[in-house]
Amino acid sequence: MSKTSETNDSSSDDEMSLAEKTIYERRAALGFPKMTDVEMIKQSSEDKLLMAVGGIVFDVTAWGDEHPGGKLVLQRNAGVDVTQMFNRVGHSDAAREKLATLFVADLQETEEGRAMMAQKQLKKPPPEPPKVTAKKLLPPL
């Protein structure tokens, strides 16, 4: 191997985030598992919180009680691809690293699964509005 290719290999390794390295290691340790979106939806429940982010299925069940947004947000989104929501919220590197440890499988999308997810999104109750108190409405004295 030439010195140039050695440098390139190590620099690409350095560019990989800790979350990406963790996912790669878990993927290899588990034998590169795959799960269809239909399987993810059918296996998800309030007691088994599977969701997809970036084409990867994660089991966030154990994280429920520690999740800063609360367990309810995870329960409402079980069995759904939450990539856009996850990115919109702007999760920290630490959150991405935690998520990586919850890797289950690479997601395989199907037409049936996309239709099931769309239907599930329609049935989802709207998020609760923020609680407004009189104290917040009144200007300071």
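**A mixed sheet, a crossing helix and a pocket**

Strands S2 and S3 pair in the antiparallel sense, with four bridges between them. Here strands are DSSP runs of E with at least two residues, helices are runs of H or I with at least four residues, and both are numbered from the N terminus; two strands count as paired if DSSP finds at least two bridges between them. The model is a predicted one, so to speak of local features takes a pLDDT of at least 70, side-chain atom pairs count only at pLDDT 80 or more, and totals for chains, interfaces and linings use all residues. Residues are numbered from 1 along each chain as its sequence is written, and side-chain values use heavy atoms, with hydrogens and water left out.

Back to the hairpin of S2 and S3: two residues sit between the strands, and Gly-54 has a positive phi near 60°. Ala-52 has Val-57 of S3 as its bridge partner. On to S4, which runs antiparallel to S3 and is joined to S3 by three bridges.

Put together, the four strands make an open sheet with mixed pairing, in the order S1-S4-S3-S2. S1 (34-36) and S2 are the edge strands, each pairing on one side only. From one strand to the next, the twist averages 40°, with axes fitted as lines to C-alpha atoms (for helices, over the stretch in contact) and angles running from 0 to 180 degrees between N-to-C directions.

Helix H2 (residues 18-29) lies across S3 (56-59) and S4, at about 85° to S4; contact means heavy atoms within 4.5 Å. Arg-27 forms a salt bridge with Asp-106, and their closest N and O atoms are 2.6 Å apart. Because Arg-27 lies in helix H2 and Asp-106 in strand S4, the pair ties together parts 79 residues apart in sequence. The whole structure has three salt bridges, each being a side-chain nitrogen of Lys or Arg within 4 Å of a carboxyl oxygen of Asp or Glu.

Then there is the largest pocket, with a volume of about 410 Å³. A pocket is an open set of points on a 1 Å grid over the protein atoms alone, where a 1.4 Å probe fits, with protein on both sides within 12 Å along at least five of seven lines; lining residues have an atom within 4 Å of a point. The volume is the space filled by probe spheres set on the points. Of the 20 lining residues, His-67, Val-73, Leu-74, Phe-86 and His-91 are the closest to the centre. H5 gives the largest share of the lining, four residues.
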